[in-house]
Amino acid sequence: MTFNDIFKSSFLENVTSISVLDMVLALVLAFGLGMFIFFVYKKTYQGVMYSSSFGVTLIALTMITTLVILAVTSNVVLSLGMVGALSIVRFRTAIKEPLDIAFLFWSIAVGIVLAAGFIPLAVIGSVIIGIILLVFVNRKSHCNPYILVLQCDGSESEKNAKAFLEKNSQRCSVKSKSARKGAVEVNFEIRLKDDNTDFINKLADMQGVNSAVLVSYNGEYMG
């Protein structure tokens with residue numbers, strides 16, 4: 001077998017045509033599921049600064065992945081070249097939120113499954129994943145921790161403030177404390193009994209308390 005015979009092999013000429021209807025249907029479904037992923041992303045976003053461009057990227061990524069997989073499945077030679085081309089691509093954009101990685105993989109997975117022809121799997125799977133994310137990410141709990149920054153004029157007022165906090169919160173613990181002449185600053189981690197934060201106003205009016213600042217803490221915590 002000569003070098004030319006290899007390139008004339010039926011293996012390399014195994015090209016299957018994709019109808020226009022199949023292409024349009026796959027891209028329309030990819031757009032629809034991409035919009036659904038975008039909707040779930042907007043409803044579950046809990047970061048500081050929302051980026052609409054990332055949501056549009058999810059839609060585009062779903063459609064682009066569908067387009068690529070359709071091309072790969074139709075031509076064996078193109079699939080080999082696509083693997084080589086994608087292997088040299090490097091993405092250096094930092095992912096700020098860990099949950100964003102799940103949305104990126106979700107978009108890619110939907111595009112692959114749609115292009116492979118498993119439409120029910122892509123639709124039903126996306127609906128189930130979206131419901132799970134909406135339920136668990138948006139779940140609110142009154143036990144979420146808060147940081148209370150308390151400034152008072154001495155140890156006596158500090159003891160009274162701590163006793164007041166223990167009475168009006170589910171749990172209260174000291175995280176840090178700094179003292180200087182005539183002033184004490186204490187950082188408490190507290191868990192509220194409910195959404196009512198009016199007790200902070202009463203705490204600030206107590207004798208010897210200079211200020212009380214309540215800050216919601218959205219980071220990872222134990223217990």
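**View 1. Length and faces of helix H6 in the predicted model.** At 1.5 Å a residue, the 19 residues of H6 should span 27 Å, and the separation of 26 Å between its end C-alpha atoms agrees with that expectation. The structure shown here and in the following views is a predicted model. Ala122, Ser126, Gly130, Leu133 and Val137 are the buried residues of H6. Viewed down the helix axis, these buried residues fall within an arc of 70°, so they line one face of H6. An α-helix has 3.6 residues a turn, so residues three or four places apart point the same way. Pro120, Leu121, Ile124 and Phe136 are exposed on the other side of H6, while the cover over its buried residues includes H2 and H5.

**View 2. The largest nonpolar core and the surroundings of Trp106.** This core has 18 residues, and those with the most contacts inside it are Leu58, Phe103 and Trp106. At least two of its residues are supplied by each of helix H2 (20-44), helix H3 (52-74), helix H5 (98-115) and helix H6 (119-137). When neighbours within four places in sequence are left aside, Trp106 is in contact with Phe36, Ile37 and Val40, and also with Ser126, Ile129, Gly130 and Leu133. Another core, of 17 residues, lies apart from the largest one, and Cys152, Ala161, Phe164 and Leu192 are among its members.

**View 3. Thr66 and its contacts.** Thr66, placed in helix H3, has a relative accessible area of 0% and is therefore buried. Not counting residues up to four places away in sequence, Thr66 touches Ala26 and Ala30, together with Gly111, Leu114 and Ala115.

**View 4. Strand S1 and its pairing with S3 and S4.** Strand S1 (residues 145-152) runs antiparallel to strand S3 (residues 183-191), to which it is joined by eight bridges; Val149 has Asn187 as its bridge partner in S3. S1 also pairs in the antiparallel sense with strand S4 (residues 209-216), in this case over seven bridges, and the partner of Leu150 in S4 is Ala212.

View 5. Cys152, one of the residues of the 17-residue core, has a relative accessible area of 0% and is buried. Cys172, with a relative accessible area of 15%, is likewise buried, because buried means under 20%. A search of the whole structure for disulfides finds zero.

Note on methods
Residues are numbered from 1 along each chain as its sequence is written. This is a predicted model: local features need pLDDT of at least 70, side-chain atom pairs count only at pLDDT 80 or more; totals for chains, interfaces and linings use all residues. Side-chain values use heavy atoms; hydrogens and water are left out. A nonpolar core is a set of buried Ala, Val, Leu, Ile, Met, Phe, Trp, Tyr and Cys residues joined through side-chain atoms within 4.5 Å. Buried means under 20% relative accessible area, exposed over 50%, partly exposed in between (1.4 Å probe, protein chains only). Helices (H or I, at least four residues) and strands (E, at least two) are DSSP runs, numbered from the N terminus. Contact means heavy atoms within 4.5 Å. A disulfide is a pair of cysteine sulfur atoms within 2.5 Å. Two strands pair if DSSP finds at least two bridges between them. The expected span of a helix is 1.5 Å times one less than its number of residues. The arc is that of the directions from the helix axis to the C-beta atoms.
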